[in-house]
Amino acid sequence: MQLNRIKAITLRQFYLMRNSVTRIVPMFAWVAIDIILWGFITKYLNSVSESGTNFVPIFLGAVLLWDFLVRVMQGTSMAFMEDAWSRNFLNVFATPLTISEYVCGLVLSSIATSVVGLVVMMVLASALFGLSFLSYGVMIVPFLFVLFLFGIALGIVGCAIMLRLGPAAEWFIWPIPAVISPFACVFYPMTTLPHWMQMIASILPPSYVFEGMRHIVAGKGVDTSMLLLSMGLAALYILLAYGLFARVYRFAVRTGLIARYSAETVS
């Protein structure tokens, strides 16, 4: 694995964004809308609740963390889609570039875009709605890392789906976070779910992240077992996602799909 090749993949994304308003604005716009919308919802809940519970770190903090995961996933898959839309695969893989170098380049691109979105969300949540990140403590860092790893895994899976089924399969990729969110327990404890949904939630790293953050907000401290389990699961999903992408890529090369890429579904 050579760093200059990874850097080349990342630089391509930078050059695409550098003078493109249509690529830059979405990095800020959607996260700002989510924070503002949920910020006012939490303010309303605080005003009508008689329990004295502060819903800002519970709900607005959960939205911020979930949006971060979604931005990480989309950062990875969008970088891949740029190559799909421009039919650039043959150009890229005609070089000595390896699959691992290409995937690492996508990951670095996702880091850059997701960090921008995270900073925007944190500034808006703090300035407009008084969300104090001190309430989470330093443990927000490893929990964010778990969400980052799982977001990368989802992004790589999305890339594999699109590589196998063609650019039109992007419509299978966008709903992935929405499908997972009920099982991720973003806004409610895992015990709220029926048993069959709890079984699925128990193998998803985000469910332990949000359970752990609720423990911290409630003053119960950090559940180390949840954190370690979520990290282990996230690392496992990264490996499985990479294995899936590598297998799909080899299939696409062996069958010639990579040379027949078009805007429609390939078979």
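Helix H6 passes helix H11 in a left-handed crossing, meaning that the near helix is turned anticlockwise from the far one by less than a right angle. This is a predicted model, in which local features need pLDDT of at least 70 and side-chain atom pairs count only at pLDDT 80 or more, while totals for chains, interfaces and linings use all residues. Residues are numbered from 1 along each chain as its sequence is written, and side-chain values use heavy atoms, with hydrogens and water left out.

H6 covers residues 140-165 and H11 covers residues 224-255; helices here are DSSP runs of H or I with at least four residues, numbered from the N terminus. The two pack at an angle of about 20 degrees, their axes 8 Å apart, with axes fitted to C-alpha atoms over the stretch in contact and angles running from 0 to 180 degrees between N-to-C directions. H6 and H11 are therefore roughly parallel to each other, a label for angles under 35 degrees. Sorted by class, their contact has 26 nonpolar residues, one polar and one charged (Ala, Val, Leu, Ile, Met, Phe, Trp, Tyr, Cys and Pro are nonpolar; Asp, Glu, Lys and Arg are charged; the others, Gly among them, are polar).

The largest cavity has a volume of about 80 Å³, counted as the space filled by probe spheres set on the points. Its lining residues, those with an atom within 4 Å of a point, include Pro 57, Tyr 136, Phe 210 and Arg 214. H3 gives the largest share of that lining, five residues.

Terms used
Angles under 35 degrees count as roughly parallel, over 145 as roughly antiparallel, 65 to 115 as roughly perpendicular and the rest as oblique. On a 1 Å grid over the protein atoms alone, a cavity is a set of points where a 1.4 Å probe fits but cannot get out, and a pocket is an open set with protein on both sides within 12 Å along at least five of seven lines; lining residues have an atom within 4 Å of a point.
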